[in-house]
Amino acid sequence: VRERDVCWEYAEKLDGNKVRCKFCLRVLNGGISRLKHHLSRLPSKGVNPCNKVRDDVTERVRAIISSKEDIKETPSVKKQKIAEVRAPGNMSTSSKISPLETLSPAAKVFPTVLSIAASTLSDQETVERSIALFFFENKLDFSVARSSSYQAMIDAVGKFGPGLIAPSVETLKTTWLKRIKSEVTLHLKDAEKEWATTGCTIIADTWTDNKSKALINFLVSSPSRTFFHKSVDASSYFKNTKCLADLFDSVIQDFGQENVVQIIMDSSFNYTGISSHILQNYGTIFLSPCASQCLNLILEEFSRVDWVNRCILQAQTVSKFLYNNASMLDLMKKFTGGQELIRTGITKSVSCFLSLQSMLKQRSRLKHMFNSPEYSTNSSYANKPQSISCIAIVEDNDFWRAVEECVAISEPFLKVLREVSGGKPAVGSIYELMTRAKESIRTYYIMDESKCKTFLDIVDRQWRDQLHSPLHSAGAFLNPSIQYNPEVKFLGSIKEDFFKVLEKLLPTPELRRDITNQIFTFTRAKGMFACNLAMEARDTVSPGLWWEQFGDSAPVLQRVAIRILSQVCSTFTFERHWSTFQQIHTEKRNKIDKETLTDVVYINYNLKLAREMKTMPTESDPIQFDDIDMTSE
């Protein structure tokens, strides 16, 4: 640690405990401490002052010495403290008791080394060192330091000042666990107030190990935010329709049948029969597939097309060569300006296409690197067989044309994936987004009908068999930016789906009495729909909010529109740690441990969901993990 002292820039370290001053070249015994007194030109410790040191250096060194002496205690203060410790009976009851400094386990193991290290640090470095020891000792992920609550904790401790006694294990497990769980639950209660107007979506997020384990996480989403409700171990009855039906019935009752607009389930429920049960017993609730999962399946099928798969494999050959050699990776980052070549997405197929985009952006720099003297003269990698293969790939124009095509066909669907995966209501836009993505394929392959058909067939098959929901058609019809767009002509199938949705949400003739006139008022932009504010906000305000503000001329249709347009399309792409949920459901834990861990997971998941909802729209890409802690489990 002493070697990091700022004063080493003025000295040369010699063998033993000797240093040479860079100004007068005098050799001193005693290391960096005596050098400081030498440079300060203050008579002390028998050190001769330097007669060639610059004045600015002298002032700097004197300031360093002065700052360290200021914090040293005088002998009288030390004696007073010793007296207070020896005579506790003489202490005043009003005096503040300073807690004795306790050593960390690391300091107990290496007391001499760490005490010497700590003595040379500034106040800031001393605090950082203590925090670092806490991280290392408890094997915490470094990504914890990016948490907003991390800095908030540091600020709170600093504001309290010295003498803070940290909460004990028991206090954390009982008092604070209950309090913070209550705070989180209170936020959920606030969100429930909007359900009567906007409705909500139940998300059933499933994980199976394809053997005997099946866990289901239930979440509830509305425009204000998404909440984690609970995790259920359905391993013993995942294929039992009756048991699953009872489970879903209980979850629906938790949120109120009248509040639930749709349930999003992934494809693992396809063969359980639960869909039929919900449709038969809940007339106003829709079942929808997970849009992000379906879009990932589209990209996965794209990646299996022969020439696309060949292109991805060639790109992986280059990236593996670059990333499997530390010096090669350093050279690559030198040429790319520190930019990474590999992009890690939420799924394998997303990662592949994001990495191809990155590689295409760095094409000229990669070529320049492989042709540079730094590369060709380094025998540690330039003459390897993999190197020859990589150079051949990077210099192959056919490879780069294939990369360009892969990027062109995948980017439109990655854009759709970003829109539906951000946790915001997207039912009103997914139909148009998918239409635009398909149109991009047609435009790109306008001269190649065969390739165009290959990719559009993949999209249409997934849209028809998996992704499409009547709610998506109704959302498109009610979205003002689509309804009033002169370039959009609604297909008969969209109107048909829209009327089916209306019949389901307005099941009695009394509820539908004036609905035809209200639809006419909306589609012809009459009443409040015709005011300047409404027209100006068609493309700038979210569809649900637009209806809330300007839909009073069609009150029944307004209520339906707000409920439809306020729903999400996907399970949240927020990273789940399923191993944690497995721990909750393990039989090895006793009831108290399981309840505690369940509460911890409830708090943890909801705090992270809240953070993701705040940061996703502005700071991060919902389909990409930019900052992955490679040391994290």
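The legends below describe close-up views of a predicted model. Residues are numbered from 1 along each chain as its sequence is written, and side-chain values use heavy atoms, without hydrogens or water. Local features need pLDDT of at least 70 and side-chain atom pairs count only at pLDDT 80 or more, whereas totals for chains, interfaces and linings use all residues.

**View 1. Packing of helix α25 on helix α28.** Helices α25 (residues 515-523) and α28 (residues 555-565) pack at about 75°, with axes 8 Å apart; helices are DSSP runs of H or I with at least four residues, strands runs of E with at least two, numbered from the N terminus. Axes are lines fitted to C-alpha atoms, for helices over the stretch in contact, and angles run from 0 to 180 degrees between N-to-C directions. The angle makes α25 roughly perpendicular to α28 (65 to 115 degrees). Ile-515, Gln-518, Ile-519 and Phe-522 of α25 meet Pro-555, Val-556 and Leu-557 of α28, contact meaning heavy atoms within 4.5 Å.

View 2. Buried means under 20% relative accessible area, exposed over 50% and partly exposed in between, with a 1.4 Å probe and protein chains only. Among the buried residues are Leu-557, Gln-558, Arg-563 and Leu-565. The buried residues of α28 pack against elements including β7 (260-265), α22 (470-478) and α24 (492-505).

**View 3. Ser-288 in strand β8.** Ser-288 belongs to strand β8 (residues 286-289) and is buried at 6% relative accessibility. Its side chain makes a polar contact of 2.6 Å with that of Gln-262; such a contact is a pair of N or O atoms within 3.5 Å, one able to donate a hydrogen and the other to accept it within protein, and residues adjacent in sequence count only if both atoms are side-chain atoms. Leaving aside residues up to four places away in sequence, Ser-288 touches residues including Ile-264, Ser-469 and Leu-471.

**View 4. Salt bridge between Asp-599 and Lys-181.** The side chains of Asp-599 and Lys-181 form a salt bridge of 2.9 Å, N to O, where the term means a side-chain nitrogen of Lys or Arg within 4 Å of a carboxyl oxygen of Asp or Glu. Asp-599 is in helix α30 (residues 591-619) and Lys-181 in helix α8 (residues 169-192), so the pair ties together parts 418 residues apart in sequence. Lys-181 is partly exposed at 30%.

Terms used: Angles under 35 degrees count as roughly parallel, over 145 as roughly antiparallel, 65 to 115 as roughly perpendicular and the rest as oblique.
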